[in-house]
Amino acid sequence: MSKTKRVLIVDALNAYLRAYIVDPSISLNGDPIGGLKGFIKILQKLVRESNPNEIVVVWDGPNGSRKRKSIDKSYKEGRKPIRLNRAFHNLTDEQELINKMWQQSRIIEFLNNMPVIQFMIPEIEADDVIAYLTMLPKYDGWQKIIVSNDKDFMQVCDDETILLRPVKNEIMNKDRVIETTGVHPTNMALARSIIGDSSDNLPGIKGVGFGTVAKRFAFLSEEKTYTVDEIIDHCEKSLENSKLKIYNNIIEGKSIIEHNYKMMQLYSPMISVQSKTMIRESINNFDCEFNKTAIIKMMIEDNFGELNWEDLRANLNRINRECVDGANQT
């Protein structure tokens, strides 16, 4: 029996910002370079620990999700600016922004010289692309490892898909999601629509968290997919024997829950037919390449200083070899 194949799917902006915030590395020229070096270190650790057959890195598209913003103009507004873990600041705000954008674009250039599939689709969020990737026929029977701190990906955890949340240092599979939240991934978007998500400027029903949802709607732990109407129906029936305010609040907040569900759900990713076709073709016809000379040249140009990437280089060699062998067999 052949070994199960594995694809590593990285929420790129999530990983980059984590590196950019916490890694204080400075180039030999004195410029901040922690986002770039930190991202490569993160990728090296992920690849070493997961031993994937393929790597897919997904960036948020320029201008965010057009479809979500057309539904809610205030979507993601009011997010707090990131706070850097730095002992000193040697750049103005404008210089900091330019440097931040340069480091991100440079990561993309580095990855373009690796056997790594990258996506950045205008006006489409990485969440939708990542969710769609887990549904592709090519990856049926593969283990799919999503790397992100975003709770939204708990929706797509199943028998083959797991979520690695680096900051929390936890691995969430279907059973773990049910154990920790009391909600099955199939009903996760519904539960979170009730709870809300302040980071995306989507307020929920006041005072309701996962604990309340798990206690008052225990049936959401089942694999069966429930609807907003069924939640409202349960609340109305529960009010016959209970005067708990939560049931009234949810009934009165039905429109909020319905709105949140449209915004949060990843079961039907907000991607055009044309973009779905492009994603499938890019995955199925990926022309793998590992240009080590170009990468080393870029490291010298960027005055990296010390960076041990031997583990990553060895694993990328393996992935590239498997990719080329697979292409030759077809």
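Author: Let's start with a rule: rings of Phe, Tyr and Trp (for Trp, its six-membered ring) pair if their centres lie within 6.5 Å, and planes under 30 degrees apart count as stacked, over 60 as edge-to-face and the rest as tilted. The structure holds eight aromatic pairs. The model is a predicted one, where local features need pLDDT of at least 70 and side-chain atom pairs count only at pLDDT 80 or more, while totals for chains, interfaces and linings use all residues. Residues are numbered from 1 along each chain as its sequence is written, and side-chain values use heavy atoms, with hydrogens and water left out.

Reader: What makes Phe217 and Phe219 a pair, and why is it called edge-to-face?

Author: Their ring centres are 6.1 Å apart, which is inside the pairing limit, and the planes meet at 85 degrees, so edge-to-face it is.

Reader: And what kind of pair do Phe219 and Tyr226 form?

Author: A tilted one: the centres are 4.8 Å apart and the planes 55 degrees, which falls into neither the stacked nor the edge-to-face range. Phe217, Phe219, Tyr226 and Tyr247 form one aromatic cluster.

Reader: Are Phe219 and Tyr226 buried or exposed?

Author: Both are buried, and Phe217 is too. Buried here means under 20% relative accessible area, exposed means over 50%, and partly exposed is in between (1.4 Å probe, protein chains only).

Reader: How do you know that Cys288 and Cys323 form a disulfide?

Author: A disulfide is a pair of cysteine sulfur atoms within 2.5 Å, and these two sit at 2.1 Å, S to S, so they qualify. The count by this rule comes to one disulfide. The link is left-handed, with -100 degrees about the S-S bond.

Reader: What does the link tie together?

Author: Cys288 lies in the loop between α12 (273–284) and α13 (292–301) and Cys323 in helix α14 (residues 310–329), so the pair ties together parts that are 35 residues apart in sequence. Helices (H or I, at least four residues) and strands (E, at least two) are DSSP runs, numbered from the N terminus.

Reader: What makes β3 and β6 edge strands?

Author: Look at the open sheet of six strands: its order is β3-β2-β1-β4-β5-β6, with mixed pairing. β3 (117–119) and β6 each pair on one side only, and that makes them the edges. The twist averages 20 degrees from one strand to the next; axes are lines fitted to C-alpha atoms (for helices over the stretch in contact), and angles run from 0 to 180 degrees between N-to-C directions.

Reader: How do you know that β1 and β4 pair?

Author: Two strands pair if DSSP finds at least two bridges between them. Five bridges join β1 (residues 6–11) to β4, so they pair, and they run parallel. Ile9 stands opposite Ile146 in β4. β4 also pairs with β5 (residues 161–165), in the parallel sense, over four bridges; there Lys144 stands opposite Thr161.

Reader: What makes β4 "mostly covered"?

Author: Four of the five residues of β4 (residues 143–147) are buried. As for helices on the sheet, α2 (residues 34–50) lies across β1, β2, β4 and β5, running at about 155 degrees to β1.

Reader: Why do you say that the buried residues of α6 line one face?

Author: They are Lys174, Val177 and Thr181, in a helix of residues 174–181. Seen down the axis of α6, they fall within an arc of 60 degrees (taken from the directions from the axis to the C-beta atoms), so they line one face. An α-helix has 3.6 residues a turn, so residues three or four places apart point the same way. The face turned away from the buried side of α6 carries the exposed Asp175 and Glu179.

Reader: What covers those buried residues of α6?

Author: The cover includes β6 (170–172), α7 (188–195) and α8 (210–216), where contact means heavy atoms within 4.5 Å.
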